[in-house]
Structure formats: structure tokens, C-alpha cells
Amino acid sequence: MDDDARPRPKGDAASLLAGEDLAPYSIDELADRIRLLEDEIARVEKHRLMAAAHRDAADSLFGRKD
């Protein structure tokens, strides 16, 4: 079975991070965490834009399925 055919887990890493207690982290650790999250947002946005471009190309070739 392909990995893409498996159902996605209900929870994801972002949900787990959102619920994490930040109190134990130092100011420097929080700054590092923010940088990591900003990098991840940029990575996800890049992937989203590539996926949208791929879909637009498929829609123009095969027609849009509404």
C-alpha cells in the first residue's frame, strides 16, 4: 500500500506544539523556537504554492473539476 493511501493521523506536530507548556524555556530557547517555526512556515508555504501551481497546470490541461 502506498504511503499516500494511508489516512492522516488526527493530531499533528503543530497541534502538539501549540499545547506545549512554554514556561520551562529560556528567552534564548524561545527565540530559537520562533526561528524554527518561521522556517517551517516558509517551507510549508513554499510547498503549498508549488502544489497550487501543479494543480493549476493540471486544471488547465484537463479542465477544472468542480
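Predicted model: local features only at pLDDT ≥ 70, side-chain atom pairs only at ≥ 80, totals over all residues.
Colleague: Understood. Is D32 buried or partly exposed, then?

Modeller: The relative accessible area of D32 is 38%, which lies between 20% and 50%, so D32 is partly exposed.

Colleague: Which residue forms a salt bridge with D32?

Modeller: R35 does, and the closest N and O atoms of the pair are 2.3 Å apart. Both residues belong to helix 2, where three residues, or about one turn of the helix, separate them. R35 has 45% relative accessibility and therefore also counts as partly exposed.

Colleague: How many salt bridges are there by this rule?

Modeller: The count comes to four. In general, side chains of opposite charge can pair when their charged atoms come close.

Colleague: What does R48 pair with?

Modeller: The side chain of R48 meets that of E45 in a salt bridge, at 2.7 Å from N to O. These two are three residues apart in helix 2, so about one helical turn separates them. E45 is partly exposed at a relative accessible area of 34%, and R48 is partly exposed at 46% relative accessibility.

Colleague: And R33, which side chain does that one meet?

Modeller: R33 meets E20 in a salt bridge, with 3.1 Å from N to O. R33 sits in helix 2 and E20 in the loop between helix 1 and helix 2, so this pair ties together parts that lie 13 residues apart in sequence.

Colleague: Where do R33 and E20 fall, buried or partly exposed?

Modeller: R33 has 15% relative accessibility, which is under 20%, so R33 counts as buried. E20, at 31%, counts as partly exposed.

Colleague: What share of the chain counts as buried?

Modeller: Of the 66 residues of the protein chain, 3% count as buried. The accessible surface of the chain comes to about 6,500 Å², and carbon and sulfur atoms account for 59% of that surface.

Colleague: Changing topic, what is the secondary structure of the chain?

Modeller: The protein chain has two helices and zero strands. Helix 1 covers 13–18, and helix 2 covers 27–62.

Colleague: What span should helix 2 have, and how far apart are its end C-alpha atoms?

Modeller: At 1.5 Å a residue, the 36 residues of helix 2 should span 52 Å. Its end C-alpha atoms are 52 Å apart, which agrees with that expectation.

Colleague: What comes just after helix 2?

Modeller: G63 is found there, and its phi is positive, at about 90°.

Colleague: Now the pockets. How much space lies in the largest pocket, and which residues line it?

Modeller: The largest pocket holds about 170 Å³ of space. Its lining consists of D12, A14, L17, L37, E40, I41 and V44.

Colleague: Which helix gives the most to that lining?

Modeller: Helix 2 does, with four residues, although helix 1 and helix 2 each supply at least two.

Colleague: What classes of residue make up the lining?

Modeller: Five residues of the lining are nonpolar and two are charged, with no polar residues.

Notes:
Residues numbered from 1 in each chain as written. Heavy atoms only, no water. 1 Å grid on protein atoms, 1.4 Å probe; cavity = no way out; pocket = protein on both sides within 12 Å on 5 of 7 lines; lining within 4 Å. Points joined across faces, edges and corners; volume = space filled by probe spheres on them. Nonpolar A, V, L, I, M, F, W, Y, C, P; charged D, E, K, R; others polar. Expected span 1.5 Å × (residues − 1). Buried < 20%, exposed > 50% of the residue type's maximum accessible area, 1.4 Å probe, protein only. Areas by Shrake-Rupley, 256 points an atom, 1.4 Å probe, with all protein chains shown as cover.
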